[in-house]
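The notes follow the order in which I took up each topic.

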Amino acid sequence: MLTVVLECQDQEPELAQTLSVLVAGAVEGLVSDVVVLDHDSRDGTSRVADAAGCRFHSQWDIKDIVRSARGEWLLFVEPGARPQTGWIDEIAEYMALNKLPARFTASRGYRRPFLQRIRRASSPLELGLLLPKKQAIAAARSGMSLLEFAKGQKLRKLSSELIPSWVARAAR
């Protein structure tokens, strides 16, 4: 089973897009719970999370969140990111056969322009972060942000593609 963790701030539409894709994972029995970590959003982020049955936290510590995860694996993604076709089967198989962290492959259909790619460093969570709960517990420190949590991880690359969150933000 998999726990999905998202960190938001005024990202209601992006959160809704990501959650709509995760429904298929819940129906298939892969996604056991979704945790939304909020930074004082003033939009409908909490309503979207509540309507989708997510656990919503406005005051949180990553160490406590990781420990309370129901799944034996955690998937950290940015609101607006959307895994593409085949992600459910691939992640289920990956979790059954591996113990190492992984990330999605960048979507070939949504690439930043060349100059943006060389000028701007991508977010450590742009392609998600999939890792075993035991490893997440060992890496988590009180007061740590999700971005800090994701930095420095050596990751395998899944063949499943992910449309990154910047695509949803750009469409606003």
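Entry 1, salt bridges. The model is predicted. I began with Arg108, which is exposed because its relative accessible area is 69%, over the 50% cut-off. I then looked up its partner: Glu161 forms a salt bridge with Arg108, and the closest N and O atoms are 2.5 Å apart. Glu161 lies in strand 8 and Arg108 in the loop between strand 6 and helix 5 (114–119), so the pair ties together parts that are 53 residues apart in sequence. Glu161 itself counts as buried, at 15% relative accessibility.

I noted three salt bridges in the structure. One of them joins Arg55 and Asp33, with 2.8 Å between the closest N and O atoms. This pair links strand 3 (residues 55–57), which holds Arg55, to strand 2, which holds Asp33, across 22 residues. I found both Arg55 and Asp33 buried.

I also recorded the salt bridge between the side chains of Arg42 and Asp10, at 3.6 Å from N to O. Arg42 is in the loop between strand 2 and helix 2, Asp10 in the loop between strand 1 and helix 1, and they are 32 residues apart. Arg42 counts as exposed at 72% relative accessibility, whereas Asp10 counts as buried at 18%.

Asp10 has a positive phi, near 50 degrees. Asp40 also has a positive phi, near 55 degrees, and its place is in the loop between strand 2 (31–38) and helix 2 (45–51). I recorded Asp40 as exposed, with a relative accessible area of 57%.

I then checked Val34: leaving out residues up to four places away in sequence, Val34 touches Val4, Leu6, Leu19, Leu22, Cys54 and Arg55.

Which residues of helix 4 are buried? I listed Trp87, Ile88, Glu90, Ile91, Tyr94 and Met95. Viewed down the axis of helix 4, its buried residues fall within an arc of 165 degrees, so they line one face of the helix. On the face turned away from that buried side I recorded the exposed residues Asp89, Glu93, Ala96 and Leu97.

Terms used. Residues numbered from 1 in each chain as written. Predicted model: local features only at pLDDT ≥ 70, side-chain atom pairs only at ≥ 80, totals over all residues. Heavy atoms only, no water. Helix = DSSP H or I, 4+ residues; strand = E, 2+ residues; numbered from the N terminus. Buried < 20%, exposed > 50% of the residue type's maximum accessible area, 1.4 Å probe, protein only. Contact = heavy atoms within 4.5 Å. Arc of directions from axis to C-beta. Salt bridge = Lys/Arg side-chain N within 4 Å of Asp/Glu carboxyl O.
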